[in-house]
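Hi,

Here is the model I promised to pass on.

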Amino acid sequence: MGRPPGRPHRPRGRLTEAPPDQSRSRPTDTALKRRLEARLGDQLAGPVRARHDTTEIVVGPGNLAAVMRALREDPAFRFELLADLSGVDTGTVLQVVYHLWSPLTPDWLRVIADGLPREDPRVPSITFLWKGAEWGEREAYDMFGIIFEGNRDLRRIYMPPDFKGFPLRKDFLLPDDAARSPGMGVRYMEQPVAPAETRRQPVLRTSPGTGSLVAGAGHQELVAGETAAPALSQGEPGP
Amino acid sequence: MHAEGRGVTVITRPWQRLTLLGKILVPLLIVFVAVNIALIGLWASGLLPWLIQATLDVLGANVGIIRFLAAATVILLITVPIAFLIIFFEMKIIAFVNLRVGPNRIGPWGTLSSVVHGLKVLAKEDFTPTGADVPVFTLAPVVVYLAAVMTLLVVPFAPGLYGFDMEIGLLYFFAVGGLGVIGLMMAGWSSFNKYSLLGGLRAAAGIISYELPLILAVVGIVLLTGSLNLTTIVESQSGSVLDWYIVRQPLGALIFFIAATAEGGRTPFDLTEADSEIVAGFATEYSGMRFGFFFFAEYVNVFILSAMTTVLFLGGWNAPFDIDPVLEFFNIATPVQAVLDPGALDMGLLWVIALGAPIVIGILGLMVWMLKSDWSIVRSLIVGFLLFNLLLSGLFIGWLAINLDWVIGLFWFLAKAIGLCAFFVLMRGTLPRVRIDQLMGFAWKWLVPAALLNIFVTAGAIIVIKSLEGSL
Amino acid sequence: MTTEHTRIRSLDDPHIFVDTPATIYDAVPPYPPTTEREAEFYSLQDGEMLINLGPQHPSTHGVLRVVLKIDGERVVDLDPVLGYLHRGVEKICENGDWHHAISNCDPLEYIASMFSEAIPVLVAEKLLDLEVPRRADYIRVLAWELNRISSHALFIGWLALDLGGLTPILYGFIERDEIVEMLAALTGQKLLFNYLRIGGVNGDLNHEFLSRLGDWMGRAGQRIEMQQKLINENEIFVRRTRNLGTVDRETALRMCLTGPPLRATGIPYDVRRAHPYSVYPELDFEIPTRTEGDSWARYMLHIDEIKQSLHIIDQVLHQIPDGPIMAKLPRLLRVPPGRAWIAFESPRGQYGAYGISDGSDQPFRLRIHDPSYFNLQTVGLVTPGHLIADTMAIMSSLDPIMGGIDK
């Protein structure tokens, strides 16, 4: 509204070195790659990759807090907007992937905290920089079991609080996993040996009010006969 | 439910097999038969005249009490149709404000939908939540309902048409009306529910805060009238529109109306039952007829507050203008009953009744049939019958209006009161809700000082005018 | 797969009866607190009370349970409890095709579902490095902006409804009704459109859609202005929303706010301009911002955005080229291995998706970043100190949608 339509569009608030052509395979900001290597070189656990419009760095969990602080507070970087925080299960290790945006560069920055072991995945929390990451970390903990050290509120967010197991891990199979595409191989039901989880006898939960009565393959850690009814705290009357 | 012994089963088994209608009609039938048998027995034994005389003596000696009982019964009975009417307004007027239609299928233009709501509320399961304080829980709706309805006893609907003419009618109104808060608090505390608690406390805070401006706003009227008697207040507004207190006490009227909106818990002050915040406030745990009592009490409250506003500020039963000078100007004789003297017709009256009705119905039906081309003659005759009924009712009401002085008064009173009810409903459809701290701040910081200012200005004006008149 | 325990024998069967004491609906959980914050929240001072708001509540936008710690009417602290609508979308997407993911992701933002469909579509297109035909791109923008308007119209109604005004939501539904009808003419669906495809859109514009669109555009701007007059300057509405839930710029960035709540604090961050995608670089529109950062600013911002969207639709209709609406793709779509991150602007904020492909036709990981999820944290930050009634106003002004929050 207000500008005549004939004028070319210049994106505001960014360096004008970005060409107006926004097709997907435009070259990325190579200057950013160099700046990152210069500033953070020794803390990175792998090369700085750049593809499409995203530059990607990999760090180990120990260096993560320092790297994120540098990215946020260094005036040359100013990655002030945390766009996403997610967990990834690569099948062998767990990762935490952060996406950041800065007003100084047209590229997104992806920070991968790689190499978290499946048994004890621990990563420093970045809630000291972005308070809003708290729920992102809760979700990563809930879905993958990744412990964020320093997060004051690391409890499950989607699943009920006494749920055992971490749903988005690759070894957590849904009961109706028969939707595998034909391009991949045989259907799940047609596999010669079904995993042990689906042969287990379903357990009727007897704990009141928490969760459903149907135990699927995901509830494999719930021991049969486990009754809840822990000490109910001194309560308020009514809901 | 198997009773012990055959004797009891003989009664309970057939009783269980009755339908709902049967459970109402069969006892009535039994009572009717018993009364008839008693009467026949009395007549046969010659005691009947003595009994009749004794009854009339007792009734004649206690006319006052009988009148009061009749008034109380009538008032309890009329609250239900009034509530139905206001519920219908609420559904239709808010629908039109919302650019929709509202209920239009049940009854003509949806008029029977509120009856259906009432029946639905009766038919719902009536349970008491676990942990609730049962006697208090059960009595709370009764207290709220009765507090609202008892105030109708002093409201003068028309000249001579009131429940009880108290000298301190206004004081009685506010005193009894304020008892409703106890019911709300009872409801809030006794349901085992935090939402209800919050709603009850909000109700107490809000309604009690607005009692003060409500009462202070009418002190000006009391000063002008010199009496707390509601009939006197209405009579002192007779004349024309300019004599109504809304013209003489505009600030008082405004304060009273705003405080009345808050008292009745209507939007924008309806946070006691804020639908979107605390579900249903104090009435969260109520269902069935108990909730129906709260529901009805709220709508009866709307009517009562509108009725009080009309009585106090809009002239009650007074017409906005006096029609007699106009009629005299046109030389229309008022005693029309001389024309309508059926006794003069003698036997002709029988012919008029026997033939006149079918002839008029036939004429009306024929007119309808000619105007509506796709209706059969039977249908047109039925519609003609309905129109005939309407015509007769209109003539009857007109005759009543001319002969009885309270019919016109009642009409004006109801017109004003129901118009105000519609305005309450309109406000509900348009305005959002006020917060509790804003509610109480408004009452204490703005309305109470304004009401006090109103009193002082009124008193000052009276003194000034009296001294001017006295000196002239 | 019917097994013994899932077959209900009768509703009185003792096997399925679970004895539920009333205390399970307590706001206090029946286990000792596990985290610092839980311990801090669930320990009550003198006079404080824990009350549940939800999950069944007329005003939480979906099934959201918020535990309020109140002292009288004042909210001291609040703790949202999520998961009542959790459907495991991310996990289900891993089990199906990239095409199935479109239908799976549709119910995330169910009132503006073109945006949630865009998640797998844009990620797959980025992984495939696919050039979408320009006509399809323009149609997508048209559909997105229509969805944005219908979502904002509903937002305005919801905010007023949560404050007690019964009328504006029906006015919002007039707009939404017309838009939904025209989108039904376009896509065949009224709520979950299933319209975007990897490589384009499902069907071209047709006559009925264009005629409805033309009719509606002719009156939309004026009608929305007229409908806003009811509450924009209403004293009660303004007093309920002014200075309520104020967020300043620094806090907004720290809380990972995006979308209208961020722009209402004064930061002009809109993904359509900050990191343009689709044909937005060729369109001329402004980013409305406001500086107050309170609920009233967020509300007014939504109205400004509706006007901008109308302007965008106008330009799209003038500039739309002819051509195919779908790129040529193999039937069995094997996406090359890689990682891709996309972001786009939905009515609620910045939707992001991080997709990992392992070379097969199933996504290896499709992470969906929903803006409402992160925006909802701000409720816990700004509400303490206000009254219970204000919780609704603040929550509604942040425009959460539980489908996306709970995924």
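**What I found**

In chain C, strand β7 (residues 349–357) is mostly covered, with nine of its nine residues buried. Buried here means that 20 or more other C-beta atoms lie within 10 Å of a residue's own, against 12 or fewer for exposed and partly exposed in between, with C-beta atoms placed from the backbone. Strands (E, at least two residues) and helices (H or I, at least four residues) are DSSP runs, numbered from the N terminus.

Some housekeeping before I go on: this is a predicted model, where local features need pLDDT of at least 70 and side-chain atom pairs count only at pLDDT 80 or more, while totals for chains, interfaces and linings use all residues. Residues are numbered from 1 along each chain as its sequence is written, and chains are lettered from A and ligands numbered from 1 in the order in which they are written.

Back to β7(C). On one side it pairs with strand β6 (residues 338–346) of chain C, antiparallel, over nine bridges; I call two strands paired if DSSP finds at least two bridges between them. The two form a hairpin with two residues between them, and C:Ser346 has C:Gly349 as its bridge partner in β7(C). β7(C) also pairs with strand β8 (residues 363–369) of chain C, again in the antiparallel sense, over six bridges. There C:Gly352 is bridged to C:His369 of β8(C). This second hairpin has five residues between its strands, and C:Gly359 in the turn has a positive phi of about 95°.

Also in chain C, helix α5 (residues 134–163) has 30 residues and spans 43 Å from first C-alpha to last, close to the 44 Å expected at 1.5 Å a residue (that is, 1.5 Å times one less than the number of residues). Of its 30 residues, 28 are buried. C:Gly164 follows the helix, with a positive phi near 110°.

As for domains, chain C is divided into domain 1 (4–81) and domain 2 (90–406), with bounds from an automatic or database domain assignment. Their C-alpha centres lie 31 Å apart. Each domain puts 16 residues into the contact, where contact means C-beta atoms, placed from the backbone, within 7 Å. On the domain 1 side, β2 (65–71) and β3 (74–81) of chain C each supply at least two residues, and β3(C) gives the largest share, seven residues. That side divides into nine nonpolar, three polar and four charged residues (nonpolar: Ala, Val, Leu, Ile, Met, Phe, Trp, Tyr, Cys and Pro; charged: Asp, Glu, Lys and Arg; polar: the others, Gly among them).

Chain A has an open five-stranded sheet with mixed pairing, in the order β1-β2-β5-β4-β3. Its edge strands are β1 (49–51) and β3 (81–89) of chain A. Six bridges join β2 (residues 54–59) of chain A to β5 (residues 108–116) of chain A, and these two run parallel. Helix α2 (residues 64–73) of chain A lies across β2, β4 (94–101) and β5 of chain A, at about 175° to β5(A). Axes are lines fitted to C-alpha atoms, for helices over the stretch in contact, and angles run from 0 to 180 degrees between N-to-C directions.

Chain B, finally, has 19 helices and zero strands. Buried residues make up 34% of its 472 residues.

Cheers

Methods
Two residues are in contact if their C-beta atoms, placed from the backbone, lie within 7 Å.
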